[in-house]
Amino acid sequence: MKLPDLTELAVRNLRESLLRNSLTTVGISVGVASLVAMLSLGIGLQQLASRRLMKSGLFDTVVVTSRRDLRNFGHEEERSGPAPGESRILDESTRQEIEHLPNVLEAYPDIRFITELHYEDKPHLTMISALPESAKSNDAFEQMQGHFFSSDMAAEVVIQKAFAEELLGKTPKSGIDETNVASLASPLLGKELVMRYAQREASPATSSSSAKSAAKDAPIPSGDQSLAGAAYSVVSREQKLKIVGVADLDPESMRGPTRARVFLPLKLAESLHVMQPTDLREISRAATDQPAYSSISVRVKNPSQIRAIEDAIKKMGFNTFSILDASRSLQQFFAVLDLFLGIFGSLALAVASIGIVNTLVMAILERRREIGIMKAIGASDGDVKKLFFAEAGAMGILGGIVGVALGWAIGQAINLGTNIYLKRQALPPEHFWAVPWWLVGAAIVFAFIVSLLSGLYPAGRAARLDPVQALRYE
Amino acid sequence: MGTPGRSTPNGSPAIRAEQLCRHYRMGEAVIRAVDGLNLQVRAGEFVALLGSSGSGKSSVLNLIAGLDRPTSGSVVVHDRDLAKLSREELAGYRLRTVGMVFQSFNLIASMTLAENVELPMRFAEVDRGKRDSLAREALTRVGLQARMNHRPSELSGGEQQRAALARALINRPQLLLADEPTGNLDSRTGIEIMNMVREFNRQLGMTVVMVTHERALAERYADRLIFLADGKLVGDQANSVAASAARIEPSGREAVRP
């Protein structure tokens, strides 16, 4: 029998016992709906998590450190290659080399130092780090009060909320942080901080810059600034900085205890020649050395390219660190979560498939005579089998379609309900529900396959029916 | 023994049964429904199988129809040994070589007459376009063109049996097998049906094997009467009455004694 005939007969047979077949189809729908609901919850949560992480800039950043520097992030420290003492140092030329690697968006030196900031004549010791202009798009500055640096050389700072609290003499409460950033920002924005820092100066004899002009006009370190001797002098400097922004979130959460609370524009920070921790080890180094960076942050175009870029940088003789490993275990976690949710969702579908078997076996008993007639007028075993398969398949597809719609609706309802709850808790709404197109397709196909499998036994039984006995049956 | 006579074009009879047996096992007992039957039917012949209930006449018909398989012996229809056909081939044989009508009509209740008549064409994978006109033609032939879109339950017994005849003939089989076709009909309607069967037999040259327990009916229409008892052949006679009746114009007004 041809497929259009088969489908037509199957649909007409399904219509004949409409109630029973509808109930069976509803059973499949509920099964599919629970499967879709469970899986889209898992997928939604995963998307939410990776969206958050992606925005934080954690996933597209590789931190490069020199192998000379023993104090690195501790991950994947490679013992192979040149010995630490002979390996390359991170200077401007390596930064440019890394920046020219394929798929690298930018590479910038990490400038970070602990120093004193004076606000209304009170000193505050804190970690300061420099940010490139591209950091503007970082999630942490999304809901910032004030604005980001007006230029890469502006004498401006963005401070983190915790530091703002410190400046205003407020102690952060433990537990739920209810302090409003806006209330912290309004007395601070536009105010001035005085930063006292140690400037590394080539040597008093060769330096052309006076103490006063050094702060603002010092040239950017580059290859031409070779040092005459191994030694350099350290000069105490002051720099006035205007507070232009107060950030709510912590942009450097990945760095843990070494994270900075005050941020400077990168070019400005470079021009200051602030004494960095690594400089102390450079004292004994050859005089031709350029100023070295403690580490370089490399931002890649796409998180999926991180591994390749890391490998390329390692080949150059540096240590690298990225949060990719952390993201791997996150993916693993979600794979397991999806599996469990899928299993629970499938249970309902398994129950529904028993419903299909039951309905079709009942149909065989009921339509015994009809099967006998069909065989008597020339239907082959295959025709009868295909007819029952078609009925099971039709119920499966229909149940799948209705089920996906139902699952989607359930998801929307839960999402809505949760967001109402979140709103009451004064939390921003979240979209932790996702029904991707592949899930829609896969759910319907899955329902279809499960239905066909359920139809296997009834169809086989119907096909084997003895026509003589079936015709005798009243 | 069957009377050798008119045969198929290549010389062999349309139906030939040799030492045909069909035994059923019922617990300890073995029921010999058909027990060593020898029978030949010529192409174009109208044969009536007579006997009391339990004589095995329906079993013989089922064996010829390919609905059942012999325990031993053989049934050869148009040179094909049914016992040697696969299930698939047997289904094809039922589809194209045999048309069947039953005492209880056996139309599918959920389908209209047109759909019932169309059904064997679906199995035979006849083109969709052709099926409609062929079904209409067949129903017109049995006088049911006005009832095409009715369901069997909306029709009288005679009308249902006429639709069943149309269905049996739709794939142009060589053999028409009828199992008590008038059993559920009043005598007047029965005659109507029998006249149609004889018309197909005479005009289309179809071989007809009819099972009945009504001797009068058999004598009136069949060319040959075969008597069965306990699965064995007990009588085989040419019917001169039918031969003469055939010459008379068939008329529904004639009464038949049961």
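In chain A, Glu106(A) stands opposite Arg299(A), a residue of strand β10(A). This is a predicted model, in which local features need pLDDT of at least 70 and side-chain atom pairs count only at pLDDT 80 or more, while totals for chains, interfaces and linings use all residues. Residues are numbered from 1 along each chain as its sequence is written, and chains are lettered from A and ligands numbered from 1 in the order in which they are written.

Strand β2 (residues 104-110) of chain A runs antiparallel to β10(A), joined to it by six bridges. Helices (H or I, at least four residues) and strands (E, at least two) are DSSP runs, numbered from the N terminus, and two strands pair if DSSP finds at least two bridges between them. Strand β10 (residues 295-300) of chain A also pairs with strand β1 (residues 61-66) of chain A, again in the antiparallel sense, over five bridges. There, Ser295(A) of β10(A) faces Thr65(A).

These pairings belong to an open sheet of four strands in chain A, with the order β2-β10-β1-β11 and antiparallel pairing. Its edge strands, β2 and β11 (318-322) of chain A, each pair on one side only. From one strand to the next the twist averages 25°. Helix α3 (residues 92-99) of chain A packs on this sheet, where it touches β1, β2 and β10 of chain A, and its direction makes about 160° with that of β2(A). Helix α9 (residues 306-315) of chain A lies across β1, β2, β10 and β11 of chain A, at about 160° to β11(A). For these angles, axes are lines fitted to C-alpha atoms, for helices over the stretch in contact, and values run from 0 to 180 degrees between N-to-C directions.

Chain B has an open sheet of four strands too, in the order β2-β1-β4-β5 and with antiparallel pairing. Here β2 (29-41) and β5 (80-81) of chain B are the edge strands, each pairing on one side only. Strand β1 (residues 15-26) of chain B and strand β4 (residues 72-77) of chain B are antiparallel and share five bridges; Val77(B) in β4(B) is the bridge partner of Ile15(B). Helix α1 (residues 57-65) of chain B packs on the sheet, touching β1, β2 and β4 of chain B, with its direction at about 65° to that of β2(B).

Turning to the complex, 17 residues of chain A are in contact (C-beta atoms, placed from the backbone, within 7 Å) with 19 residues of chain B. On the chain A side, α1 (3-16), α11 (368-376), α12 (381-424) and α14 (467-472) each supply at least two residues. The predictor gives the complex an ipTM of 0.88 and a pTM of 0.67.

As for confidence, chain B has a mean pLDDT (the predictor's confidence in each residue, from 0 to 100) of 87, and 89% of its residues reach 70 or more. Within chain B, the mean is highest in strand β7 (residues 175-179), at 95, and lowest in helix α8 (residues 240-247), at 57. The pLDDT is below 50 over residues 1-7 of chain B, a stretch with 18 contacts in the model beyond near neighbours in sequence.

Conventions: Contact = placed C-beta atoms within 7 Å.
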